[in-house]
Amino acid sequence: MAEEQEVGTGAKLVAKKSAVLSPLPLSIARSALFSVAPNGPSSKHRVIATAKKGVNATVTYTGPHLSMEHFRLWQALLFIAEERGQLGGEAFDVSLTEVLRCMGKEYKHKELKQKISNVLTELKAAVVTVISDRVCYQNDSLIDVGDLDLETRILTVKFGKRIATRLLDREILKNDIERSREFKRHYLAIWLHGFISSQASRADKKNTKHTFSVDELRRLCGTQVKERWHFCQDLGRALEKLKMPVDGIAPLVVSWKWDDERTKKNVIVEKVHTLVKLLEETKETAAAKDRRTAAGQAAASRARVAL
């Protein structure tokens, strides 16, 4: 996971005023909150840096360790609620079979009912605050109501209105559910899909290349793999999965390669255009972009004079 630090209970996060609040892309929330590790310690007022460079946001979390199983269930319920027009509304019922289908699972094992029930309970205990220049989502649970009747296999679910208006970007939700349910239990592929899709795209909608530090990816995703070479193998397999089309949907990753086959320090990924409402850049990132633009304009002007 991203670098963490403890803050006191009395610490306050102050949101900057903004005329319009832009939703936080689900992929950014996932990169910060959900780990590929199946187990881990619980948290109390833990501040997590988001995994998107240039994003001026702080995520504070209190609750149990959240794995990709928590994410898959949360994502499936959000998707179903959105399809039904019940996201941020009243409580609704949904069959366990439908939820499992959205998660890419099948109802085969009796113990799966109890596992889903336990994950629901933990999601209700997950309290999140997201503060940025455009987002103010404070001290809310990831799900307001989540109960499973083990006899009827019916889930009762309710999301608060704030999660629909201030936290969720629906575009990335649609892409995520269609692709990630095919990844089954390959948690790194699921995590990478959200991370890569949240990276910037070209204005002309052509493919975009990004270079990622392997060690940074290893830290951010929260893997428990001890050996670096082993993680590189997992990373390669995950990227290959992201190159595969799913039910007529274009794959997220067009191509990828190591910068150096021997050291594997960085991985270079070419991604398709993704429509994600990114959070506002930090002042430092914006200033650097302005400097690059000014330098480019000056160079173009000198070239014209030379002609």
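User: What percentage of the 307 residues in the chain do buried residues make up?

Analyst: Buried residues make up 49% of the 307 residues, where buried means under 20% relative accessible area with a 1.4 Å probe and protein chains only. The model is predicted, so that local features need pLDDT of at least 70 and side-chain atom pairs count only at pLDDT 80 or more, while totals for chains, interfaces and linings use all residues. Residues are numbered from 1 along each chain as its sequence is written, and side-chain values use heavy atoms, with hydrogens and water left out.

User: Why is helix 2 called roughly perpendicular to helix 3?

Analyst: Helix 2 (residues 68-84) and helix 3 (residues 96-103) pack at an angle of about 115°, with their axes 9 Å apart; axes are lines fitted to C-alpha atoms, for helices over the stretch in contact, and angles run from 0 to 180 degrees between N-to-C directions. Angles of 65 to 115 degrees count as roughly perpendicular, and helix 2 is therefore placed in that class relative to helix 3.

User: Which residues make that contact, and how many of them are nonpolar or charged?

Analyst: With contact meaning heavy atoms within 4.5 Å, helix 2 contributes Glu-69, Arg-72, Leu-73, Ala-76, Leu-77, Phe-79, Ile-80 and Arg-84, and helix 3 contributes Glu-98, Val-99, Cys-102 and Met-103. By class there are eight nonpolar, no polar and four charged residues, given that Ala, Val, Leu, Ile, Met, Phe, Trp, Tyr, Cys and Pro count as nonpolar, Asp, Glu, Lys and Arg as charged, and the others, Gly among them, as polar.

User: What makes strand 9 and strand 10 the edges of their sheet?

Analyst: The open sheet has three strands in the order 9-11-10, with antiparallel pairing. Strand 9 (208-213) and strand 10 (253-258) each have a single partner strand, so one side of each is left without a neighbour in the sheet.

User: How do you know that strand 9 and strand 11 pair?

Analyst: Two strands pair if DSSP finds at least two bridges between them, and strand 9 and strand 11 (residues 266-271) are joined in the antiparallel sense over six bridges. In strand 11, Asn-266 is the bridge partner of Ser-213.

User: What makes helix 7 mostly covered, and which strands does helix 7 touch?

Analyst: Eleven of the eleven residues of helix 7 are buried, among them Trp-191, His-193 and Phe-195. Helix 7 (residues 187-197) packs on the sheet and touches strand 9, strand 10 and strand 11, its direction making about 70° with that of strand 11.

Terms used. Helices (H or I, at least four residues) and strands (E, at least two) are DSSP runs, numbered from the N terminus. Angles under 35 degrees count as roughly parallel, over 145 as roughly antiparallel, 65 to 115 as roughly perpendicular and the rest as oblique. Buried means under 20% relative accessible area, exposed over 50%, partly exposed in between (1.4 Å probe, protein chains only).
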